[in-house]
Amino acid sequence: MTAPTGPLKGMKVIELAHIMAGPVCGLMLADMGADVIKVEKPTGDDSRRFVPPDIEGESAAYMMMNRNKRGIALNLKDPAAVAVLHKLLLDADVVIENYRLGTMERLGLGYDELSKLNPRLIYCEISGFGRTGPYAQRGGFDLIAQGMAGLMSVTGEGPGRPPVKVAAPISDINAGILAAMGVSAAYAHMLKTGQGQKVDTSLFEAAIVQTYWQSAIAFATGENPKPMGSAHPLNAPYQSFETSDGWINVGAANQSNWLRFLDVISAPELDADPRFCSNLQRMKNLPALVRILDGYLKKDTTANWLSRMEEAKLPAGPVLEILEMHEDPQALAREMIVEVDHPRAGQVKTLGHPVKFSETPAQISRAAPYLGQHSKEVLMELGFGAADIENLIRTEAVIAA
């Protein structure tokens, strides 16, 4: 493990979170240089049991979400373990938690209590619906958040079809990213003033902010937008089209791109067609436009169309499968596919950090911890002696590998 180099070097984070939204927040902060100590229950984060697939017995899902972190396992039903956690939090800069409302307070670890002992503490809470409002007591899952935020009503092939969830758990992932953004902002405030604060976000809100375009349409028209497949609700053509051997995405929505597109597919007559002369008309006549363009694009291969569109500087791209994306030269050049050395699973691939810094680069150099991997190390840093550490492990207040 090389020394952190990111812009958050020196930040100490205690992650009391499991599965996805909280761990995404933690991994974003860890990639940017923070020392993130993940606190797990004795049986481990639930994502450790998301198998198959596994690599040498280690859950692939767990390893993806928890690289760059150190790990300690505590039995919080034991007062001695709660005391360890309390000590961890006293000099922390950030705590990330996604317990049910009231759980941290029952453990004596609520914000009101901890902020008195550590006024600099940034207390990040990620929940299903936020810590206020009529749904604050509810648990939350990505599927539920996507449905209640309206996303499932606008995702799918078209009106009258069953509701469709976005395949990736975007409310979980986005909540983690939003939380990391909030923590970073609160950290900047704390460095200037010495004052910590709560940072509170949720899966519900993280899903709602994915509806900017659809909400704009609804605010303006008073009508509910409908699913449109891969098409854009405001611009056309901006969607997937079938070729002779696959699919291609084309972004020819503004007028200059539209005209270049017509040159590429050799369809100058469409420029004179009053149904397609402007974006407004193309949106009004979208089904007819798609039928006509499908006929042109099915005449050649994806590769040939992409070559012509790139030459014309027309926004276009293939529809890649995940393994194809992993081999894409741009993804590799941007270090979005990297490898780390896991002590049990060996060399494992993971996704890189999506933000590049010129002076303080993010770094991925530590694989996800196996359960209790750093328990002894962390206890020693807290000042526990060897006898105390062995007693905590013997009584199973602390789980050590």
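The protein chain comprises 17 helices and 14 strands, where helices (H or I, at least four residues) and strands (E, at least two) are DSSP runs numbered from the N terminus. The model is a predicted one, in which local features need pLDDT of at least 70 and side-chain atom pairs count only at pLDDT 80 or more, whereas totals for chains, interfaces and linings use all residues. Residues are numbered from 1 along each chain as its sequence is written, and side-chain values use heavy atoms, with hydrogens and water left out.

Taken along the principal axes, the C-alpha atoms of the protein chain fill a box of roughly 85 × 45 × 40 Å. Of its 401 residues, 46% count as buried; buried denotes under 20% relative accessible area, exposed over 50%, and partly exposed the range in between (1.4 Å probe, protein chains only). Among contacts (heavy atoms within 4.5 Å) between residues at least 6 apart in sequence, 68% join residues at least 24 apart.

Helix 1 (residues 21–31) packs against helix 7 (residues 170–193) at an angle of about 45°, with the axes 7 Å apart. Axes are lines fitted to C-alpha atoms, for helices over the stretch in contact, and angles run from 0 to 180 degrees between N-to-C directions. Helix 1 is therefore oblique to helix 7, given that angles under 35 degrees count as roughly parallel, over 145 as roughly antiparallel, 65 to 115 as roughly perpendicular and the rest as oblique. On the side of helix 1, the contact is made by Ala21, Val24, Cys25, Met28 and Leu29. The residues contributed by helix 7 include Asp172, Ile173, Gly176, Ala180 and Ser184.

Cys25 of helix 1 also figures in the cysteine arrangement. The structure holds zero disulfides, a disulfide being a pair of cysteine sulfur atoms within 2.5 Å. Cys124 is in no disulfide, and the nearest cysteine sulfur, that of Cys25, lies 4.5 Å away. Cys124 counts as buried because its relative accessibility is 0%. Cys277, with a relative accessible area of 37%, is partly exposed.

Arg344 is situated in the loop between strand 12 (337–342) and strand 13 (346–351). Its relative accessibility is 47%, so Arg344 counts as partly exposed. When residues up to four places away in sequence are not counted, Arg344 touches Glu56, Glu58 and Tyr370. Glu56 and Arg344 are 288 residues apart in sequence, yet their C-alpha atoms are 6.8 Å apart in space.
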